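Here are my notes for your first look at this chain. Keep the structure open as you read.

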Amino acid sequence: MRISKPHLRSPSIQCYLCLLLNSHFLTEAGIHVFILGCVSAGLPRTEANWCDVIQDLKTIQQLIQAIHIDATLYTESDVHPKCKVTAMRCFLLEFQVISHESRNVNISETVRNLIILANSSLSSNGNITESGCRECEELEEKNINEFLQSFEHIVQMFINPS
């Protein structure tokens with residue numbers, strides 16, 4: 001099984017375009033275009049990755065069905081919109097527990113990818129400090145299936161803010 005890693009998508013088109021421009025414009029301007037193109041190819045993507053997070057979540061759900069993971073995880077099942085960033089951070093911490101408990105390479109890689117994508121998307125919210133939200137340890141512990149359903153619900157809150 002090949003796991004998709006959208007956070008590692010190849011920026012080769014940008015480099016090829018720069019090389020093409022550079023081959024036709026061997027001037028100082030061409031060199032600047034080439035350098036800027038190479039720099040921009042290395043920059044992280046800034047668009048929202050929540051749909052990719054959902055795709056990784058579906059993969060994790062399928063992989064978990066194949067093995068037995070007897071874990072209870074801190075789960076925010078009734079997220080208030082003003083606490084969604086805090087709740088998401090708790091979910092991401094608990095995903096590390098899933099990765100550890102599963103002892104499965106495919107799950108661990110997919111979880112790692114999901115965490116990277118979610119953190120990348122959260123960074124667009126800046127360093128938001130939400131007050132009045134419950135800490136992770138104050139949340140109810142639920143089984144892994146309930147945890148994954150609640151996580152999907154909170155991701156939908158980021159996809160469709162209202």
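This is a predicted model: local features need pLDDT of at least 70, side-chain atom pairs count only at pLDDT 80 or more; totals for chains, interfaces and linings use all residues.

1. Next, the overall layout. The chain has six helices and two strands. Follow the sequence and the order is α-α-α-β-α-α-β-α. Of its 162 residues, 38% count as buried.

2. Look at how the chain folds back on itself. Take the contacts between residues at least 6 apart in sequence. Of these, 85% join residues at least 24 apart.

3. Now the core. The largest nonpolar core holds 33 residues. Which of them touch the most other members? They are M88, F95, I98, L114, F151 and I154. Helices α3 (50-66), α4 (84-102), α5 (105-122) and α6 (144-159) each give at least two residues to this core. The largest share, eight residues, comes from α6.

4. Pick out I154 from that core. Leave aside residues up to four places away in sequence, and I154 touches V79, K84, A87, M88 and F91. One of these partners, M88, is also among the core residues that touch the most other members.

5. Turn to α3 and α5. Their axes lie 9 Å apart, and the packing angle is about 160°. Angles over 145 degrees count as roughly antiparallel, so α3 is roughly antiparallel to α5. The crossing of α3 and α5 is left-handed. On the α3 side, the contact uses W50, D52, V53, D56, L57, T59, I60, L63 and I64. On the α5 side, it uses N106, I107, T110, V111, N113, L114, L117, A118, S121 and L122. By class, this contact of α3 with α5 has twelve nonpolar, five polar and two charged residues.

6. How do α4 and α5 run, parallel or antiparallel? Their axes come within 9 Å and cross at roughly 165°. The two helices are therefore roughly antiparallel to each other. The crossing of α4 and α5 is left-handed. From α4, the contact takes V85, M88, R89, L92, F95, Q96, I98, S99 and S102. From α5, it takes I107, S108, V111, L114, I115, A118, N119 and L122. The classes here are eleven nonpolar, five polar and one charged.

7. Then α3 and α6. These helices pack at about 170°, with axes 10 Å apart. That angle makes α3 roughly antiparallel to α6. The α3 residues in contact are W50, C51, V53, I54, L57, K58, Q61 and I64. Their α6 partners in the contact are I144, L148, F151, E152, V155, Q156, F158 and I159. Sorted by class, the contact of α3 with α6 has twelve nonpolar, two polar and two charged residues.

8. Finish with E101, which sits in helix α4. Is E101 buried, partly exposed or exposed? Its relative accessibility is 36%, so E101 counts as partly exposed. Leave aside residues up to four places away in sequence, and E101 touches I69 and A71. E101 and I69 are 32 residues apart in sequence. In space, their C-alpha atoms are 6.9 Å apart.

Note on methods. Residues are numbered from 1 along each chain as its sequence is written. Side-chain values use heavy atoms; hydrogens and water are left out. A nonpolar core is a set of buried Ala, Val, Leu, Ile, Met, Phe, Trp, Tyr and Cys residues joined through side-chain atoms within 4.5 Å. Buried means under 20% relative accessible area, exposed over 50%, partly exposed in between (1.4 Å probe, protein chains only). Helices (H or I, at least four residues) and strands (E, at least two) are DSSP runs, numbered from the N terminus. Contact means heavy atoms within 4.5 Å. Axes are lines fitted to C-alpha atoms, for helices over the stretch in contact, and angles run from 0 to 180 degrees between N-to-C directions. Angles under 35 degrees count as roughly parallel, over 145 as roughly antiparallel, 65 to 115 as roughly perpendicular and the rest as oblique. A crossing is left-handed if the near helix is turned anticlockwise from the far one by less than a right angle, and right-handed if clockwise. Ala, Val, Leu, Ile, Met, Phe, Trp, Tyr, Cys and Pro count as nonpolar, Asp, Glu, Lys and Arg as charged, and the others, Gly among them, as polar.
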